[in-house]
Amino acid sequence: MSDSINLTENEYTGIRELVYKRFGINLTEQKKTLVVGRLQKVLRELKLNSFTEYLSYIKADQTGDAMVTLVNRISTNHTFFYREHVHFSILTQKILPELKKQSNKKAIRIWSAGCSSGEEPYTISAMLHEFLGADISNWEIAILATDISSRVLELAKAATYSGENIGNLPVNLKKKYFTRLDGNQWSVKPLISKPILFRRFNLMRDEFPFKGQFDLIFCRNVMIYFDTPTKHTLVNKFYKFTKSNGYLFIGHSETLRSEACPYKYISPAVYHKEALN
Ligand SMILES: C[S@@+](CC[C@H](N)C(=O)[O-])C[C@H]1O[C@@H](n2cnc3c(N)ncnc32)[C@H](O)[C@@H]1O
């Protein structure tokens, strides 16, 4: 077994500062062991002997590839289909009926921000199918799904999942939206993958480049890694890109302080942008 490379306090501070500045991710002191574990392999592959050398290597890299590798290794991408399914009940029973009533153009624009390996946007797409039924062919549906990690985006585009990963989905939805492959692998049907566009996007970007606003923004279990000021700046940017009467979904374990949040709280982890009169 090869020896592990030691990470000094100074080096960890260097990594923390870099990761916070570039990605908003707040690596706490408790995460140190995890970070060492996740980066050992990268250092070995690069034939580097210390984290000081690694930090210099990242800073000198003009291509940005070193930063991508770093975020691919340190980001936590855990996700699964139908996660926090209360959200999908609210979506199909309250929000989509409302949007349907308001939309004279039969169009809906959704952003899954921090989509990881795709389970969230595919679930949203399946919910739209369930709600609209045969009428879906008359609708213009666009789901933008973004993440900072190129590694998880590749998995999302491959659209093949294990039986465990889709285990939470009701059986009828599994049958309707997936094709079973060999070895308990399941492939997403084009029916629900078609409206989704996967893109790499850093939520820390100063300006969001989108031309239009979104009816719904899902940013669930992403801001958990951000500190309060970063979270509030981001929520205000989301607000700017939410249509009037649109919604923001966050993770159930996350909180937004009401005085710093421009949205109106509707139910746990669901926020509404009220129409201006
Ligand atoms: C735990 S996953 C959440 C996936 C999904 N939204 C869910 O709730 O199951 C968090 C995702 O946020 C992404 N992420 C973290 N910081 C980011 C940033 N600055 N910009 C974009 N995505 C980021 C990570 O790469 C990771 O895939």
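**View 1. Tyrosine 225 is a buried residue in a loop.** With 21 C-beta neighbours inside 10 Å, tyrosine 225 counts as buried; a residue is buried if 20 or more other C-beta atoms lie within 10 Å of its own, exposed if 12 or fewer, and partly exposed in between, with C-beta atoms placed from the backbone. This is a predicted model: local features need pLDDT of at least 70, side-chain atom pairs count only at pLDDT 80 or more, and totals for chains, interfaces and linings use all residues. Residues are numbered from 1 along each chain as its sequence is written. You will find tyrosine 225 in the loop between β7 and α10 (228–240); helices (H or I, at least four residues) and strands (E, at least two) are DSSP runs, numbered from the N terminus. Leaving aside residues up to four places away in sequence, tyrosine 225 touches Ile25 and Asn26; contact is defined as C-beta atoms, placed from the backbone, lying within 7 Å. Tyrosine 225 and phenylalanine 23 are 202 residues apart in sequence, yet their C-alpha atoms are 9.7 Å apart in space.

**View 2. Seven strands form an open, mixed sheet.** Follow the strands in the order β6-β2-β1-β7-β8-β10-β9; two strands pair if DSSP finds at least two bridges between them. At the edges stand β6 (196–200) and β9 (264–267), each with a single partner strand, so one side of each is left without a neighbour in the sheet. From one strand to the next, the twist averages 20°; axes are lines fitted to C-alpha atoms, for helices over the stretch in contact, and angles run from 0 to 180 degrees between N-to-C directions. Three bridges join β9 to β10 (residues 270–272) in the antiparallel sense. Serine 267 has valine 270 of β10 as its bridge partner.

**View 3. Domain 1 meets domain 2.** The domain assignment of the chain gives domain 1 (9–74) and domain 2 (86–272); such bounds come from an automatic or database domain assignment. Their C-alpha centres lie 29 Å apart. Eight residues of domain 1 are in contact with eleven residues of domain 2. On the side of domain 1 that touches domain 2, α1 (9–23) and α4 are the elements that give two or more residues. The largest share of that side, three residues, comes from α4.

**View 4. The ligand lies between the two domains.** Both domain 1 and domain 2 give residues to the shell around the ligand, so it lies between them. Of the 25 residues around the ligand, Ser75, Thr79, Gly114, Ser116 and Ile148 come nearest; a residue is near if its C-beta atom, placed from the backbone, lies within 6 Å of the molecule.

View 5. Glutamate 84 is partly exposed, with 19 other C-beta atoms within 10 Å. Alanine 159 counts as partly exposed, with 19 C-beta neighbours inside 10 Å.

Definitions and conventions. Contact = placed C-beta atoms within 7 Å.
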